[in-house]
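Open the model in your viewer and keep the selection tool at hand. The tour goes stop by stop.

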Amino acid sequence: MSNDGRWARQVLVASLLATGLSAATFLSAGTDPKHRYEIEIRGMAFHPADLTIAPGDTVVWVNRDIFPHSATHKSLWDTGTLTTGDSGRFIAQSRGEATYACTLHPTMTGKLLVK
Amino acid sequence: MRHFVTLPLLLTLAVPGLIQAQQTAQPDLSDPQVAHVAVTANNIDIDLAKLALTKATNLEVKKFASTMITDHTAVNQQASALAAKLGVTPADNAVSQSLLKGASEARAAIEPKSGAAFDRAYIDREVGYHQAVLDALDGLLIPTTSNADLKKLLVDVRPAIAAHLAHARQIQGSLGGTR
């Protein structure tokens, strides 16, 4: 079974939280994030493109490009379209590896490793 | 110099405006003229994308066209804001006119097609156009620009053009034959 498959069952999928939805709204679901990591979107790329985190950590994508973008996994999360200044987040609860992309610019890719 | 190396490739891609620009106008463009070329190049791609939205049949081609409209409009908004800030009026020039002429010819060749043939023709054009724009940025527009803010805008836009080119090539490959 693929890592993605395991995640699909085990990981509490977060996100879809665009700007305007507070972290408190999401965290009230019972999660307890340990660390918050920011991935900056600029110059048609995710910075950093590869990120290693631990279960319970929060990843926030912030769009600082002049173009709209998304950070979208095929099944686990989708920030939706983020315009300039918007952000979206994901909280991972289980170990695994997931590659993701911008739906508007599919050659923009990134990878999260939860271990 | 890069634009001379790539010139034969560009010739085969039939983007005459940018080729002429690189051949004849590299040393002579003023900043207002560079700004006009940039806005013209964006508008050309927006206009063709609008046509693609009405005629394309492949979903990925339609999505690509929509992204081109969004992204190139964003660039033009940045360029307009910068021109206002600098008090500069983009100045029409031979390069812009040549771009428009090339775009008109390309559109005339693409527009009569339909179905999968249109999809392929549009994506082929987008591959060639974005490659030519990249080469023009590197070999003409960025080196020619003296204003730091305008140069920064062009440098900042370059990754988007490269991403568009990669995306277009990806779709081109998925469409199968390119001619």
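From the N terminus on, in what order do the elements of chain B run? They run α-α-α-α-α-α-α-α. Helices here are DSSP runs of H or I with at least four residues, strands are runs of E with at least two, and both are numbered from the N terminus.

Before going on, note that this is a predicted model: local features need pLDDT of at least 70, side-chain atom pairs count only at pLDDT 80 or more, and totals for chains, interfaces and linings use all residues. Residues are numbered from 1 along each chain as its sequence is written, while chains are lettered from A and ligands numbered from 1 in the order in which they are written.

**Stop 1: chain B.** Select the whole chain. Eight helices and zero strands make up its secondary structure. Of its 179 residues, 42% count as buried. A residue is buried if 20 or more other C-beta atoms lie within 10 Å of its own, exposed if 12 or fewer, and partly exposed in between, with C-beta atoms placed from the backbone.

**Stop 2: the core.** Select Ala38(B), Val61(B) and Leu141(B). These residues have the most contacts inside the largest nonpolar core, which has 67 residues. Helix H7 (residues 115–144) of chain B gives the most to this core: twelve residues. Such a core is a set of buried Ala, Val, Leu, Ile, Met, Phe, Trp, Tyr and Cys residues joined through C-beta atoms within 7 Å.

Now centre on Val61(B). Leaving aside neighbours within four places in sequence, its contacts include Asp119(B), Tyr122(B) and Ile123(B). Contact means C-beta atoms, placed from the backbone, within 7 Å.

**Stop 3: the chain end.** Move to Gly176(B), in the segment after helix H8 (148–174) of chain B. Is Gly176(B) buried or exposed? Gly176(B) is exposed, because 8 other C-beta atoms lie within 10 Å.

**Stop 4: a sheet in chain A.** Select E3, E7 and E6 of chain A. These three strands form an open sheet in the order E3-E7-E6, with mixed pairing. Strands pair if DSSP finds at least two bridges between them. The edge strands are E3 (50–53) and E6 (96–101) of chain A. E3(A) runs parallel to strand E7 (residues 109–114) of chain A, joined by four bridges. Zoom in on Leu51(A): its bridge partner in E7(A) is Leu112(A).

**Stop 5: between the chains.** Show both chains. Eleven residues of chain A are in contact with eleven of chain B.

Methods: Contact = placed C-beta atoms within 7 Å.
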